[in-house]
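Hi,

Here is the structure I said I would pass on.

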Amino acid sequence: MAENFDAVDLIIGKRDGRELSTAEIDWLVDAFTRGFVADEQMSAFAMAVLLNGMSRSEIRDLTLAMIASGERMDFSSLSKRTVDKHSTGGVGDKITLPLVPLVAVFGLAVPQLSGRGLGHTGGTLDKLESIPGWRADVSPAEMMTQLEGVGAVICAAGASLAPADKKLYALRDTTGTVEAIPLIASSIMSKKIAEGTGALVLDVKFGQGAFMKDLDRARELAKTMVDLGRDAGVVTSALLTDMNVPLGLTVGNALEVRESVEVLAGGGPADVIELTVTLAEEMLRAAGVTDADPAAALADGRAMDVWRRMIEAQGGDASAALPTARHSHVIVAEEDGVLVDQHALPIGIAAWRLGAGRARQGDAVSAGAGIELHAKPGDRVVKGAPLLTLHADDEARIPRALDSLDGAWTIGDEAPATRPLVAEIIR
Ligand code: URA
């Protein structure tokens with residue numbers, strides 16, 4: 001029979017900095033999942049972890065216990081190797097959309113289980129749901145068929161995948177304990193390992209538009225996750241990427257789909273292309289594919305062909321017009337000069353206030369709401385020319401969005417120093 005512990009002893013142990021044993025962590029996660037450990041006890045435990053950290057073996061035990069709380073997927077019957085990516089979330093981060101079909105061009109299967117957005121970073125499913133007819137719910141059997149045929153699926157994760165994480169994440173969200181590295185790492189990696197991918201590339205964002213504001217903490221998170229993946233037999237690497245400036249020129253669901261389709265058609269903003277191609281190269285390397293040229297497959301329409309098949313396999317009309325919002329508001333440059341700064345966080349918050357994101361789980365999002373950026377840092381701007389366009393279905397949302405944009409950009413005389421988008425790759 002499994003050993004029994006007392007939740008209060010384990011909370012006190014972590015509060016006082018003690019390293020918990022495998023049996024203690026297994027018991028805690030299992031008892032919490034079954035409702036035997038109360039939400040307030042698990043919240044206190046999460047706070048103790050945030051304040052005191054966890055050892056590598058504790059983080060591994062927590063991850064394994066969360067995986068064991070639910071079902072594991074198994075892609076071993078596919079004729080293709082599997083590879084997936086995960087982004088820790090950013091403003092204008094639509095990279096999954098062009099990336100998944102791009103990697104599938106090279107004969108790999110990409111099972112991308114995604115979520116809906118909460119807060120100022122958008123969710124991949126919310127973006128794709130702006131495509132008429134597209135559905136996020138795919139049964140395990142449909143997923144296998146689509147992976148074998150098209151090679152690419154982006155869909156909702158079923159409730160049976162790491163249910164302990166779902167329960168714990170909801171508590172962390174309301175108790176100020178989201179930012180603990182052991183909790184973020186085990187949360188992300190429990191879902192990715194349970195999903196059963198053979199290889200995984202992580203896009204860990206740093207900067208003011210990201211969870212991790214500075215590069216050192218992003219590096220620590222990335223290393224922790226790469227270790228967890230490796231310990232579980234998944235080939236894992238991580239890119240550390242800059243999230244001080246929004247990615248691309250759009251923030252918002254249908255707006256980001258439109259920009260992704262531009263990239264798949266061989267155009268689109270340089271930063272979106274660069275990150276899509278760099279992540280594709282890393283995913284192909286992790287899955288053991290050599291001699292592939294993802295930049296060419298993006299430019300010559302092969303990735304677009306897979307995109308259309310992937311969208312249509314899930315009921316979407318890849319040729320349909322995308323929804324647009326009923327109201328728009330243009331902000332013009334107040335002087336001539338060079339755009340020096342453009343801050344991701346206020347722009348993400350403004351898009352959220354326009355209706356692109358949700359305040360509570362289960363709220364609806366507006367497909368057409370969001371922000372178009374007409375210039376990026378380093379571009380020359382002319383007084384009176386458009387700098388941003390805000391889009392909303394509900395006109396009353398525009399003033400609140402304008403409030404959050406106060407100080408969101410600077411116009412000056414000199415172009416800013418260029419910063420690399422991909423700061424490091426951790427393998
Ligand atoms: N994403 C997750 O899935 N979990 C976290 O803890 C943070 C981001």
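Below is what turned up, taken one spot at a time.

Before anything else, bear in mind that this is a predicted model.

I'll start with the second largest pocket. Its volume comes out at about 510 Å³. Twenty residues, written 20 in my notes, line the second largest pocket, and nearest its centre are Val 245, Pro 377, Ala 417, Thr 418 and Arg 419. Helix H12 (270–286) and strand S8 (337–342) each contribute at least two residues to that lining. Sorted by class, the lining of this pocket has eleven nonpolar, six charged and three polar residues. Where does the second largest pocket sit relative to domain 2 and domain 3? Both domain 2 (83–166 + 182–313) and domain 3 (327–412) give residues to its lining, so the pocket lies between them.

The structure has two cavities of 30 Å³ or more, and the second largest cavity has a volume of about 40 Å³. Its lining is made up of Leu 339, Gln 342, Ala 375, Leu 387, Leu 388 and Trp 409. S8 and strand S11 (386–392) are the elements that supply two or more residues each to this lining. By class, the lining of the second largest cavity splits into five nonpolar residues and one polar, with no charged residue.

Next, a helix pair. Helix H15 (residues 344–356) packs with helix H16 (residues 397–404) at an angle of about 170 degrees, and their axes are 8 Å apart. Angles over 145 degrees count as roughly antiparallel, and H15 and H16 are therefore roughly antiparallel to each other. On the H15 side, the contact is made by Pro 346, Ile 349, Ala 350, Trp 352, Arg 353, Leu 354 and Gly 355. H16 brings Arg 397, Ile 398, Arg 400, Ala 401, Asp 403 and Ser 404 to the contact. By class, the contact of H15 with H16 has seven nonpolar, four charged and two polar residues.

Cheers

Technical notes. Residues are numbered from 1 along each chain as its sequence is written. This is a predicted model: local features need pLDDT of at least 70, side-chain atom pairs count only at pLDDT 80 or more; totals for chains, interfaces and linings use all residues. Side-chain values use heavy atoms; hydrogens and water are left out. Axes are lines fitted to C-alpha atoms, for helices over the stretch in contact, and angles run from 0 to 180 degrees between N-to-C directions. Helices (H or I, at least four residues) and strands (E, at least two) are DSSP runs, numbered from the N terminus. Angles under 35 degrees count as roughly parallel, over 145 as roughly antiparallel, 65 to 115 as roughly perpendicular and the rest as oblique. Contact means heavy atoms within 4.5 Å. Ala, Val, Leu, Ile, Met, Phe, Trp, Tyr, Cys and Pro count as nonpolar, Asp, Glu, Lys and Arg as charged, and the others, Gly among them, as polar. On a 1 Å grid over the protein atoms alone, a cavity is a set of points where a 1.4 Å probe fits but cannot get out, and a pocket is an open set with protein on both sides within 12 Å along at least five of seven lines; lining residues have an atom within 4 Å of a point. Grid points are joined across faces, edges and corners, and a volume is the space filled by probe spheres set on the points. Domain bounds come from an automatic or database domain assignment.
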